[in-house]
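Here's a quick tour for anyone opening this structure for the very first time. Have a look at the sequence and the 3D view, then read on.

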Amino acid sequence: MLRYIGNRLLASIPTVLLVTILVFLMLHLIPGDPAEIFLGENFSTPELLAKVRADMGLDRPLHEQYLSYLGGALRGDFGRSLNNNRPVLDEIAARLPPTIELTVAALTIGVVLGVGLGVVSALCHNTWVDTLAMALALLGVSMPIFWMSLLLIFLFSVRLNWFPALSTDGLQGLVLPALALGLLSSSTLARMVRSSMLEVLGQDYMRTARAKGLRERTVVLRHALKNALIPTITVLGLQFGQLLGGAVITETIFARQGIGRLYVESILRKDFTMVQGLTLLIAVAYVLINLAVDVAYAAVDPRIQYE
Amino acid sequence: MSNPALHQQSAGPAAPAQPARQRSLWLDSLRRMARNPGAILGLVLLVLMIAAALLAPQITRYDPAEIVPRDRLQAPNAAHWFGTDAFGRDIYTRVVYGARISLLVGVVAVAIATLLGVTLGLLAGYFGGLTDALIMRGVDVMLAFPGILLALVIVAVLGPDLLNAMVAVGISSAPTYARVTRSAVLQTKTNLYIEAATVAGVPTWQIVLRHLLPNILGPIVVVTTLGVAGAIISGASLSFLGLGAKPPTPEWGLMLSEGRSFLRQAWWITTFPGLAIMLTVLAINLLGDGLRDALDPRMQK
């Protein structure tokens, strides 16, 4: 098992290195000069521009710049924001907790609702319960996250006045954005869990379990659900990615001070060092999460052999 | 659906022994789909949307960008079926014109994704070895950017506007197409007829395009259809964030973003474009699910 984890970690190193190259090149692919963006159009004189360029290392050969970027990144130094000259990492660290809270809350809602709906749907296969649940899930899959968010604000904030429309720090402000993200995630999961549950329910060992005289509860929970959830684990990593992408939008709508909102703000104000740092950190985190999901998958399913 | 139909005609004269069987395979699928009420509903909705997009000037009375200050923030009424926005623009007109933009975004983005992804998937799957390793490594790198993030990165580099948003959505969804195509190729290329063609000395490009591609069209048609739905949502999301269409373009995501601050006074500004996106995406998802079930009853996602 440890060897498997080690191998997977090694295998992801080239991917991460290529990601760093891409992210590094980003700063050089953008139209315009980072030094000019940093100075702003009105304040740049040729001398000042040359000095800032030298400070940022932009006058050195490309490969040298890359190596120093990579070296810095390994030590946690992602450069300074073109917007306010603060270290990129400090800014990201300050904005990380709201996003983690949001994604964890949303994933919890998504898994509980999604698995529940999927299982009930499969157990009531071809009844009105199944049809209704799947119609709702399809509706959820077809709903853009920003419209879902606005609907929730309209209902729970404008009409009922139960929760704030702006995401303040407390638990109150977390409810609506987490619900918006969680509902969408649960729609995808419900459709998956249902089809994998239906597949398991048709297996021979289900008939065996029933023939043994096991109680229906045991049959469903111990024999069916446990097996049906295994393929679901594989999509959890993907779900996490969807949630991070969704967080960009929900955080913007609910004015939540997380990294999703920081990302959009940075793109709009051309703060490319910040965009670089955020992109790199999110990509590396996502690679690690997918690795963890694969390991969990291998651990849960004894049929999978780790090489 | 036009793809497979076109293919029949082009392959018919070239391979006289095959067309009868092939045609019936696609016909069978069509028949299966015609029995699926969801797919039919999706098709009807989608045709309505396309018709509305094409006939926009004929079925609306106003200019989608015309500002009429004295008509601002009117609730839905006989003159303005869906009400008006903060600039007095007719929302019904803007929603109808918006169908043009969203459908275009979906089609263009998916065309880019298909061209890129299917080509790479064909190359990787057919040639294997180093080609495969290199291409799939590239795909892995692209997949390291979760969800809409890759599109955001591309828009950040290209600069925010509608065309760049289409390109960004297209490129960022290409990896999925590459993966689906590659695994379909791997399954298909071991078939005897491919071996026979190779032995007979048929040029490689002909084997890939005339023998391999037609036989893996099923899964590609399915991901492409469902992909249009995803691309419409992604495109609208970018515009919503201010990274796509610019005002006064009647783009649905942008309209929702503009109506955000009027949620309390004027629910209709966000409701109608929101419904429009949802119905369009729902229609395409219904159609895509139907196609998937019809083309391969065993294939489940």
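Residues are numbered from 1 along each chain as its sequence is written, while chains are lettered from A and ligands numbered from 1 in the order in which they are written.

**The helix pair in chain A**
- Helix α5 (residues 88–123) and helix α8 (residues 171–201) of chain A have axes that come within 5 Å and cross at roughly 35°; axes are lines fitted to C-alpha atoms, for helices over the stretch in contact, with angles from 0 to 180 degrees between N-to-C directions.
- Sorted by class, the contact of α5(A) with α8(A) has 23 nonpolar, seven polar and two charged residues. Nonpolar here covers Ala, Val, Leu, Ile, Met, Phe, Trp, Tyr, Cys and Pro, charged covers Asp, Glu, Lys and Arg, and the others, Gly among them, are polar.

**Chain B at a glance**
- Chain B has 13 helices and zero strands; these are DSSP runs numbered from the N terminus (helices H or I, at least four residues; strands E, at least two).
- The C-alpha atoms of chain B fill a box of roughly 75 × 45 × 30 Å along the principal axes.
- Of the 301 residues in chain B, 47% are buried, that is, with 20 or more other C-beta atoms within 10 Å of their own C-beta, placed from the backbone (12 or fewer is exposed, in between is partly exposed).

**Inside and outside**
- The largest nonpolar core has 159 residues, and L181(A), A151(B), L152(B), V155(B) and I232(B) have the most contacts inside it. Such a core is a set of buried Ala, Val, Leu, Ile, Met, Phe, Trp, Tyr and Cys residues joined through C-beta atoms within 7 Å.
- Helix α5 (residues 91–127) of chain B gives the most to this core, 18 residues.
- Helix α12 (residues 252–259) of chain B has eight of its eight residues buried, so it is largely enclosed by the rest of the structure.
- Helix α9 (residues 204–211) of chain A has zero of its eight residues buried, so it lies largely in the open.
- After α9(A) comes G213(A), with a positive phi near 90°.

**Where the chains meet**
- In chain A, 40 residues are in contact with 34 residues of chain B; contact means C-beta atoms, placed from the backbone, within 7 Å.
- α10(A) supplies the largest share of the side of chain A that touches chain B, eight residues.
- That side of chain A has 31 nonpolar, nine polar and no charged residues.

- The model scores ipTM 0.86 and pTM 0.87.
- Chain B averages a pLDDT of 85, and 90% of the residues score at least 70; pLDDT is the predictor's confidence in each residue, from 0 to 100.
- Within chain B, confidence is lowest in helix α1 (residues 2–11), at a mean of 42, and highest in α5(B), at 93.
- Over residues 1–20 of chain B, pLDDT stays under 50. Where pLDDT is low, the predicted coordinates should not be read in detail.

Conventions
This is a predicted model: local features need pLDDT of at least 70, side-chain atom pairs count only at pLDDT 80 or more; totals for chains, interfaces and linings use all residues. Two residues are in contact if their C-beta atoms, placed from the backbone, lie within 7 Å.
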